[in-house]
There are 12 protein chains.
Amino acid sequence: MQIDIINGPNLNLIGQREPSIYGNLTFDEVFAQWKSEFKLQLSLSQSNIEGEIVGLLQNSKADGIVLNAGAYTHTSIAIRDAISAIKIPVIEVHLSNVTARESFRHESFITPVCVGCVFGFGMESYRMALHYFLSKGSI
Amino acid sequence: MQIDIINGPNLNLIGQREPSIYGNLTFDEVFAQWKSEFKLQLSLSQSNIEGEIVGLLQNSKADGIVLNAGAYTHTSIAIRDAISAIKIPVIEVHLSNVTARESFRHESFITPVCVGCVFGFGMESYRMALHYFLSKGSI
Amino acid sequence: MQIDIINGPNLNLIGQREPSIYGNLTFDEVFAQWKSEFKLQLSLSQSNIEGEIVGLLQNSKADGIVLNAGAYTHTSIAIRDAISAIKIPVIEVHLSNVTARESFRHESFITPVCVGCVFGFGMESYRMALHYFLSKGSI
Amino acid sequence: MQIDIINGPNLNLIGQREPSIYGNLTFDEVFAQWKSEFKLQLSLSQSNIEGEIVGLLQNSKADGIVLNAGAYTHTSIAIRDAISAIKIPVIEVHLSNVTARESFRHESFITPVCVGCVFGFGMESYRMALHYFLSKGSI
Amino acid sequence: MQIDIINGPNLNLIGQREPSIYGNLTFDEVFAQWKSEFKLQLSLSQSNIEGEIVGLLQNSKADGIVLNAGAYTHTSIAIRDAISAIKIPVIEVHLSNVTARESFRHESFITPVCVGCVFGFGMESYRMALHYFLSKGSI
Amino acid sequence: MQIDIINGPNLNLIGQREPSIYGNLTFDEVFAQWKSEFKLQLSLSQSNIEGEIVGLLQNSKADGIVLNAGAYTHTSIAIRDAISAIKIPVIEVHLSNVTARESFRHESFITPVCVGCVFGFGMESYRMALHYFLSKGSI
Amino acid sequence: MQIDIINGPNLNLIGQREPSIYGNLTFDEVFAQWKSEFKLQLSLSQSNIEGEIVGLLQNSKADGIVLNAGAYTHTSIAIRDAISAIKIPVIEVHLSNVTARESFRHESFITPVCVGCVFGFGMESYRMALHYFLSKGSI
Amino acid sequence: MQIDIINGPNLNLIGQREPSIYGNLTFDEVFAQWKSEFKLQLSLSQSNIEGEIVGLLQNSKADGIVLNAGAYTHTSIAIRDAISAIKIPVIEVHLSNVTARESFRHESFITPVCVGCVFGFGMESYRMALHYFLSKGSI
Amino acid sequence: MQIDIINGPNLNLIGQREPSIYGNLTFDEVFAQWKSEFKLQLSLSQSNIEGEIVGLLQNSKADGIVLNAGAYTHTSIAIRDAISAIKIPVIEVHLSNVTARESFRHESFITPVCVGCVFGFGMESYRMALHYFLSKGSI
Amino acid sequence: MQIDIINGPNLNLIGQREPSIYGNLTFDEVFAQWKSEFKLQLSLSQSNIEGEIVGLLQNSKADGIVLNAGAYTHTSIAIRDAISAIKIPVIEVHLSNVTARESFRHESFITPVCVGCVFGFGMESYRMALHYFLSKGSI
Amino acid sequence: MQIDIINGPNLNLIGQREPSIYGNLTFDEVFAQWKSEFKLQLSLSQSNIEGEIVGLLQNSKADGIVLNAGAYTHTSIAIRDAISAIKIPVIEVHLSNVTARESFRHESFITPVCVGCVFGFGMESYRMALHYFLSKGSI
Amino acid sequence: MQIDIINGPNLNLIGQREPSIYGNLTFDEVFAQWKSEFKLQLSLSQSNIEGEIVGLLQNSKADGIVLNAGAYTHTSIAIRDAISAIKIPVIEVHLSNVTARESFRHESFITPVCVGCVFGFGMESYRMALHYFLSKGSI
């Protein structure tokens with residue numbers, strides 16, 4: 001079972017800045033842990049460019065996608081349309097509890113076309129999404 | 001580690017009606033499975049009355065709470081205030097992807113004062129929340 | 001043919017206060033008249049508590065329900081969800097012409113999931129709803 | 001006792017189109033039934049033109065009016081003003097449950113100046129209104 | 001002269017939690033002080049349940065009511081209707097300056113049907129309301 | 001100098017109904033007075049139909065128009081477009097102070113394309129508009 | 001193949017006024033050109049009255065309709081309902097780019113129930129719509 | 001009969017600037033004309049300060065007031081309250097057609113408490129208001 | 001302990017007009033009563049001019065301020081800024097229940113930067129505020 | 001005469017997915033048909049990246065552009081600015097009737113700066129735009 | 001070259017209060033520095049009264065004005081009108097980044113009629129504006 | 001001291017088009033002037049792609065950044081997040097007075113996380129920002 005993890009803008013900074021909030025681990029280091037922990041084929045990609053995320057979604061061959069679209073969550077209809085066009089189930093995740101931040105982060109163009117959404121648990125948000133795919137796959 | 005699962009209005013009907021959507025299992029039957037699967041002290045309660053849910057939150061002695069406030073999610077400031085007043089971490093869950101339903105289900109009074117939110121995965125939403133508490137407890 | 005009449009908050013005061021507006025008859029007295037007038041099995045219940053009205057709807061065994069949810073008409077998604085969950089046809093009634101009162105009484109969460117709505121005719125609103133059930137039953 | 005039934009735009013199509021929804025009977029055929037059923041003087045008129053409905057209201061000599069203003073319900077202040085100007089009680093009726101349709105059908109300029117409103121019961125909506133006039137007249 | 005003090009949801013926690021903000025005194029302890037200080041018959045009740053507060057208002061035999069409806073201030077039309085239905089003057093009080101908190105606490109369904117409103121003075125808000133009843137009674 | 005006075009829906013009722021508000025004089029009677037008082041060629045027309053008012057404006061040969069569009073003031077872009085298309089100066093008048101009535105009467109589609117507006121003076125509103133044309137003509 | 005062209009209010013003025021914008025040709029003259037150019041049965045009608053346009057739509061026997069509803073585009077639910085009720089495909093056209101004009105011309109009640117919309121190309125808008133019908137008919 | 005004309009902020013510049021729009025006459029010069037033309041006791045005052053206009057209204061001994069509150073028309077509740085408090089009829093005037101200017105000039109706090117409003121006629125707006133007082137006085 | 005009472009626009013009319021509502025006493029007369037009743041140094045000032053109220057606040061040397069900003073409550077950010085800039089606690093008072101009046105009186109720029117607010121009790125509103133300062137001072 | 005056709009995000013999927021809706025032809029295949037059918041120099045380009053579409057517009061040497069900006073239609077001011085900056089006429093096209101889809105697709109940043117707009121006709125939308133350029137060129 | 005600096009309400013407090021934020025220098029002290037630094041004729045004035053700022057603008061004889069209207073920025077159309085009426089270029093300045101403060105400070109009536117705006121740089125905001133005038137004068 | 005100047009979409013066209021508005025100088029030519037005028041290390045970059053501007057900000061090693069994000073100012077939360085994540089002070093600049101243009105240019109996602117903002121002065125806006133960095137550096 002193949003799962004693609006796709007990260008949006010500014011998420012390449014995780015682990016490099018604000019370690020008191022997000023810890024010292026980069027996504028690559030956490031990703032290595034997940035690869036050994038889960039019985040899943042995992043890939044990881046990141047882009048700051050909205051249209052490249054559209055491309056990553058269109059070209060995916062995975063059985064499931066975990067998507068943290070970052071700031072594009074709130075502004076991109078193009079990413080929404082890409083999710084609708086492909087037939088792969090997508091789970092939306094966020095590190096922080098977005099509803100407790102600025103009001104322009106409360107609206108999401110993406111959630112209605114995803115299977116579901118997990119947010120507010122830091123890096124655990126990704127693991128919870130992987131648990132879901134694992135549990136569905138085992139049924 | 002003690003976790004309280006609290007369900008709000010109309011969730012007592014799960015398993016009795018609309019089995020094609022929610023399956024044939026009642027909450028009590030699923031709850032029995034979770035008790036054997038997870039290394040957690042689990043309790044389950046349900047009420048149709050907003051003020052009784054306020055009471056369940058105030059009187060909880062648990063280390064964590066999984067709350068599906070149902071329709072009160074969108075109308076109850078009293079439940080929000082109860083969550084703020086107690087010091088126990090609360091995870092909000094929903095069976096369905098609420099953002100893909102009527103617009104009055106898009107707003108939640110409760111999310112900003114919870115740790116995080118999981119929705120859209122049916123009964124799996126609860127299990128993902130339990131995974132989080134288990135994983136935090138084991139750190 | 002069994003019809004349940006369910007009244008919401010403050011409707012227990014009818015007949016006791018403001019007789020110049022609503023007459024001297026209590027709901028119990030009017031109800032006795034309806035019982036002798038209509039060829040229907042009739043029951044009457046009232047509650048000030050939103051969650052109890054949810055319960056009355058869930059537990060109903062009637063062929064039709066006449067519901068005056070009072071103030072909860074405008075604030076309760078829980079009652080709406082209960083109406084959607086049960087398979088019994090519900091008619092919404094109000095004594096007054098709610099659209100000619102304060103603007104917060106113009107919105108109803110309940111109307112879209114009811115068969116229809118009758119309002120503005122005082123106690124006659126209930127009788128018109130009973131006429132409808134009678135007329136449907138006779139077809 | 002004289003009652004005028006006034007129908008607005010597109011209601012002349014009833015019985016001719018979409019019989020699966022509205023039945024095969026035209027308004028004229030249903031009207032003939034009502035004439036024999038009710039002890040009331042009944043007249044029936046229809047117009048697609050907003051200003052002509054204003055005229056029908058101004059010129060009415062009836063003791064009561066049953067008005068289905070159709071689409072003008074949501075856009076016509078002129079019809080509202082005509083209802084206010086005449087001293088005849090008007091009951092607003094609709095075939096469908098307008099609150100479950102598009103949002104621009106949720107607002108009505110007319111309801112606040114009518115006695116009351118009945119909607120969602122198909123052709124029964126008209127009969128329920130006639131029952132009200134009959135019941136008021138017999139008191 | 002009889003005055004009823006009615007408290008809404010979560011106000012039973014006062015004195016038990018967050019003593020740095022609200023002090024160490026429970027409502028019962030403060031209430032004992034007021035009873036000796038004021039030449040008034042005083043009663044005190046609390047409920048987390050909206051419909052029970054409606055009942056407390058309906059059943060009151062007092063000459064005046066001091067009501068802190070807590071979170072229901074902003075969501076309950078039922079409590080508003082109960083205040084309108086009874087003929088007893090009601091003063092709305094709040095411990096905190098609600099206008100300096102979240103925007104959903106800025107609207108009150110209750111204020112327009114009360115005599116007046118006192119908020120922002122902690123426990124003093126209640127005493128100021130009692131002063132008003134005392135002063136009116138003495139005129 | 002030719003001036004056309006054009007009245008919209010329900011204004012044919014003036015003088016027939018609500019004499020305590022608008023006096024006993026019909027428009028025809030007042031119009032006769034104006035004809036003898038003012039050194040102007042005056043014509044008077046009225047219609048309840050929006051499209052006919054469009055036609056009256058299109059076909060006018062006058063040097064100025066006094067228009068009371070009644071309820072269409074607030075709903076008709078068609079009348080606005082007709083005023084824009086013709087080259088004759090139009091003054092908007094109303095009998096009542098529309099800003100002190102319902103909020104849907106506060107917006108006017110017509111005012112921005114008129115020379116100016118006079119309202120709130122009863123029948124005097126028309127006379128003041130005629131004074132303006134007279135005064136402009138004499139310059 | 002029969003196509004009806006229906007024009008709304010003020011469009012009878014085209015060719016008579018503002019020739020610098022719309023040219024010197026009236027609709028009748030342009031219509032004559034189209035009749036010789038297109039292999040289509042063409043009819044042309046115009047009305048300033050909303051309800052008459054409803055009637056033109058109801059009574060049409062055409063295979064397709066090209067509708068320029070003018071100002072009623074933005075205010076008429078009645079015309080929308082007529083389009084929905086008939087089974088003939090309707091194309092909405094406008095001479096100007098309505099989105100670059102006043103904001104009240106940006107909303108259209110009619111577009112969602114039409115096949116599509118063409119605007120901003122002057123008289124060419126009509127020809128493009130006719131090309132579509134021709135091209136569909138030839139498939 | 002005494003009439004006070006009160007002008008608000010920036011109206012002292014009339015006649016000094018933008019003569020192509022407002023002419024070369026200052027208010028004082030026009031005022032002198034009016035004094036000889038009308039059989040009325042006339043006074044003229046102006047202030048740039050909102051609170052001084054409140055004072056001018058409070059201290060007026062006139063039988064009628066013509067008020068051009070200028071920019072305060074759209075922002076001053078204080079002036080509205082002063083008009084309500086005094087018993088003298090006030091007519092609101094403006095030189096320009098305010099509805100054809102920026103949207104923040106479309107709302108007026110003052111109009112609902114005035115007798116009526118005249119705008120869009122330049123200096124003629126004042127004369128039309130004076131005509132009204134004269135005509136009322138002569139009845 | 002020094003308390004400044006500051007009144008805003010139109011409050012100088014109290015006692016002179018509408019005695020049936022506000023009584024026959026002027027502020028000066030009531031103020032004399034308060035001076036003998038309360039063990040407080042009291043001063044009283046009033047202005048119709050927004051900027052002068054800003055000055056009164058800036059120049060105050062009191063231990064507390066009771067402010068009735070009248071109409072400026074709803075329009076003045078300048079007064080809000082003055083309250084924020086000084087370090088003296090300010091209590092907002094109003095004679096009437098402002099929430100039961102026009103909607104533009106429901107918003108207050110001032111409340112969030114005051115200690116609290118008392119309204120709806122007529123002249124008693126001031127006395128209740130003075131009681132608060134007295135009670136705080138004695139602690 | 002040179003015409004550039006520019007397609008935005010996700011339009012590269014046409015012909016590959018959902019053939020029941022959009023047919024089996026890719027844009028390249030349809031484009032080949034157009035090249036032989038129209039006496040026009042045609043070019044075709046596509047990008048998922050907003051900024052690249054800005055570049056395609058800036059660098060165009062064509063006499064006209066047919067632009068389907070896809071999801072960027074509703075979110076991109078940058079593309080709007082590029083259209084404004086170049087002097088080439090642009091026609092906006094869409095495959096579907098966007099007004100009958102989600103509300104966030106109803107607003108377009110681009111339409112006001114285009115010549116006109118054609119939507120709802122599938123691939124025919126492009127051909128109708130090409131007809132317009134051909135017809136203008138031939139005049 | 002003469003430049004007038006005009007300050008609005010509460011800006012007289014700068015240097016006296018909150019020195020940790022704004023420093024210990026009063027406007028007069030900073031102004032003395034600017035006078036020696038810049039080759040400009042400089043004047044400085046301040047008022048808490050809206051109408052006086054209108055007067056300062058009307059009476060200015062300068063070649064340019066630097067205006068910090070403080071709180072009146074967001075509420076005063078009168079000041080806007082004064083800026084429009086005079087022919088002197090005005091630059092709007094603010095000490096703080098107003099967009100990062102409360103939402104009612106985000107709107108400015110004044111900016112659209114100024115040359116430009118500088119804010120967020122503390123006292124430097126004024127110097128940057130003076131640099132602009134100097135640089136323009138030297139061209 | 002190193003300052004990076006970053007320009008967003010369409011700003012590469014400056015100097016090539018609309019010289020009557022922006023002059024004949026390209027950014028490169030003006031930039032050369034600034035390099036010789038200011039004692040600062042200056043770099044200049046431009047991109048039409050939102051995600052590339054995110055990258056330019058993330059990778060900057062400068063002591064300060066002058067950012068003209070062009071159209072992305074109003075739509076990009078991603079750029080805002082990048083500014084928040086880096087620790088370098090950013091000044092927002094615009095050539096034109098954006099508040100005097102279309103309303104969708106009035107909101108900025110970026111301003112609240114910048115030091116300040118300068119707009120409306122053409123190329124001078126950049127120089128004023130550089131003056132600020134120079135002046136801060138010299139303190």
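## Polar contact at J:Gln58

In this predicted model, the side chains of J:Gln58 and L:Asn12 make a polar contact at 2.8 Å. J:Gln58 belongs to helix H3 of chain J, which spans residues 50–59. Its relative accessibility is 7%, so J:Gln58 counts as buried, the limit for that class being under 20%.

Once neighbours within four places in sequence are set aside, the contacts of J:Gln58 are J:Ile86 in its own chain and L:Asn10, L:Asn12, L:Leu13, L:Arg17 and L:Asn48 in chain L. Within chain J, J:Gln58 and J:Glu124 are 66 residues apart along the chain, and their C-alpha atoms are separated by 26 Å.

## Chain C against chain D

Chain C places 21 residues in contact with 21 residues of chain D. About 1,700 Å² is buried between chain C and chain D, and carbon and sulfur atoms give 64% of that area. Three residues, C:Phe121, C:Met128 and C:Tyr132, supply 28% of what chain C buries against chain D, more than any other three residues. Between chain C and chain D there are zero salt bridges, while ten residue pairs are in polar contact, counting pairs with both residues at pLDDT 80 or more.

On the side of chain C that touches chain D, strand S5 (116–119) and helix H5 (124–137) each supply at least two residues. H5(C) gives the largest share, seven residues. By class, that side of chain C consists of twelve nonpolar, seven polar and two charged residues. The strands meet as well: S5(C) is joined by three bridges to strand S5 (residues 116–119) of chain D, and the two run antiparallel. In this pairing, C:Cys117 stands opposite D:Phe119 in S5(D).

## Chain B against chain A

Between chain B and chain A, 21 residues of chain B are in contact with 21 residues of chain A. The buried area here is about 1,700 Å², with 64% given by carbon and sulfur atoms. Of the area that chain B buries against chain A, 28% is supplied by B:Phe121, B:Met128 and B:Tyr132, more than any other three residues. The salt bridge count between chain B and chain A is zero. Polar contacts join eleven residue pairs of chain B and chain A, both residues being at pLDDT 80 or more.

Strand S5 (116–119) and helix H5 (124–137) of chain B are the elements that give two or more residues to the side touching chain A. Seven residues, the largest share of that side, come from H5(B). The side of chain B that touches chain A divides into twelve nonpolar, seven polar and two charged residues. Strand S5 (residues 116–119) of chain A pairs with S5(B) in the antiparallel sense over three bridges, and A:Phe119 stands opposite B:Cys117.

## G:Gly120 in the S5–H5 loop

In chain G, the loop between strand S5 (116–119) and helix H5 (124–137) holds G:Gly120. This glycine counts as buried because its relative accessibility is 17%, which falls under the 20% limit.

Apart from neighbours within four places in sequence, G:Gly120 is in contact with G:His94, G:Leu95, G:Ser96, G:Asn97 and G:Ser125 of its own chain, and with J:Val115 and J:Gly116 of chain J. G:Asn48 is 72 residues from G:Gly120 along the chain, and the C-alpha atoms of the two are separated by 22 Å.

## E:Thr75 and chains B and C

E:Thr75 is placed in the loop between strand S3 (64–68) and helix H4 (77–85) of chain E. Its relative accessibility is 16%, and E:Thr75 therefore counts as buried.

Not counting residues up to four places away in sequence, E:Thr75 touches B:Thr75 and B:Ile77 in chain B, C:Thr75 in chain C, and E:Phe109 in chain E.

## Chain pairs without contact

Chain B and chain I are joined by no contact, and their closest C-alpha atoms lie 20 Å apart. Chain I and chain J likewise have no contact, with their closest C-alpha atoms 30 Å apart.

Key
Residues are numbered from 1 along each chain as its sequence is written. Chains are lettered from A and ligands numbered from 1 in the order in which they are written. This is a predicted model: local features need pLDDT of at least 70, side-chain atom pairs count only at pLDDT 80 or more; totals for chains, interfaces and linings use all residues. Side-chain values use heavy atoms; hydrogens and water are left out. Contact means heavy atoms within 4.5 Å. Buried area is the accessible area (1.4 Å probe) that two parts lose on being put together, summed over both. A salt bridge is a side-chain nitrogen of Lys or Arg within 4 Å of a carboxyl oxygen of Asp or Glu. A polar contact is a pair of N or O atoms within 3.5 Å; within protein, one must be able to donate a hydrogen and the other to accept it, and residues adjacent in sequence count only if both atoms are side-chain atoms. Helices (H or I, at least four residues) and strands (E, at least two) are DSSP runs, numbered from the N terminus. Ala, Val, Leu, Ile, Met, Phe, Trp, Tyr, Cys and Pro count as nonpolar, Asp, Glu, Lys and Arg as charged, and the others, Gly among them, as polar. Two strands pair if DSSP finds at least two bridges between them. Buried means under 20% relative accessible area, exposed over 50%, partly exposed in between (1.4 Å probe, protein chains only).
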